[in-house]
Amino acid sequence: MEIPVYLFTGLLESGKTTLIHEVASEEGFLEPGRTLLIRTEEGEEDFSEAFLKKYNMTLLTLEDPEEMTRQFWRKCEEEYKPAQIMIEYNGMWEMESLYMSGLPGEWFLGGIYSTVNAETVDLYMNNMRKKFMEPIKDSNLIIVNRCTEDTDRMKLRRNFKALNPQVQVAFEKIDGTMFANEDEIMPFDFSGQEVVIEDMDYGLWYLDAMDHPGRYMGKDITFVAKYCASSDQSHKYFVPGRHIMTCCADDIQFMGFVCFFDEKPDFKHEDWVKVTVSFDYGPCEMYGEGEEGPILKLEKIEAAPKPEPELVTFS
């Protein structure tokens, strides 16, 4: 029998326990039957006996990642016969420890939810960035809680989406209510048929094209990029993109969309070019099996000087 595993990640006191309480009370989230709740750290809140009884939960506590073994998971399955499993995962443990721990093949990740405390996010991003961002790349949903009007929500969202373009990001106020979804105002005009992206606006356009592809469907987009050639000369595509720094030098990534052509351009790998492309969106094997994303079709290409500065940021 397939068993869903719901993973709640985040550093200490980021709100994981609170989130588990909230989702358990949502109608239809939990399947009928026993829920096995596995806690790997003790935070500022706890799970009361009344809560566990109400939602038919059995609570287990792990104190060391080495306790996560194939034998442990099989024992959980045989002894408790859970309908689902919820794991409150220690933010200091490597995600790989869980993935490589021998989870039974019939178990599947039903969702990965990360919690972030807005009051400490800058501290962690500046001093523990790798550890802080590790679970973000796999998350389906990120909830940033304890936000105020001064919280730079757009900056946080850009940083998270740069690492995980598909993730949903929600911002919660101190009183527990949610900020309304907000569209970032773009520094370029996308209302017409032709959209020109200035050098330093590439990063913002890249994220916006992922979030709001309908804004650009069928339009001609012009921008300067590096020519990233396919290693297979028979492929009729390349990737025009830019290196983008989300926060610091450790976070520099090359970001671009696949671009198909009729005739192979006369450019070498990493040449700087100015392209005009038509924009479409749909399934493409370049983004993974069954995944969708922006699909570009080359309309025009010419040599271009290297932009100064070369690196793009999301600010």
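1. The accessible surface of the protein is about 16300 Å², and carbon and sulfur atoms make up 48% of that area. The model is a predicted one, and every value here is computed from it.

2. The protein has 315 residues, of which 49% count as buried. Its C-alpha trace spans about 65 × 45 × 35 Å along the principal axes.

3. Eight helices and 15 strands form the secondary structure of the protein. Among contacts with a separation of 6 or more, 72% are between residues 24 or more positions apart.

4. On charge, the protein carries 31 positive and 60 negative charges.

5. Where does Phe-267 lie? It is in the loop that runs between strand 12 (259-260) and strand 13 (272-283). Beyond its neighbours within four places in sequence, Phe-267 is in contact with Tyr-227, Val-273, Ile-301, Glu-302 and Ala-303. Thr-115 is 152 residues from Phe-267 in sequence, and the C-alpha atoms of the two are 45 Å apart in space.

6. How many disulfides does a search of the whole structure find? The count is zero. For Cys-259, the nearest cysteine sulfur is that of Cys-284, 11 Å away.

Notes: Residues numbered from 1 in each chain as written. Predicted model: local features only at pLDDT ≥ 70, side-chain atom pairs only at ≥ 80, totals over all residues. Heavy atoms only, no water. Helix = DSSP H or I, 4+ residues; strand = E, 2+ residues; numbered from the N terminus. Buried < 20%, exposed > 50% of the residue type's maximum accessible area, 1.4 Å probe, protein only. Contact = heavy atoms within 4.5 Å. Areas by Shrake-Rupley, 256 points an atom, 1.4 Å probe, with all protein chains shown as cover. Lys, Arg positive; Asp, Glu negative; His and termini not counted. Charge placed at Lys NZ, Arg CZ, Asp CG, Glu CD. Disulfide = S-S within 2.5 Å.
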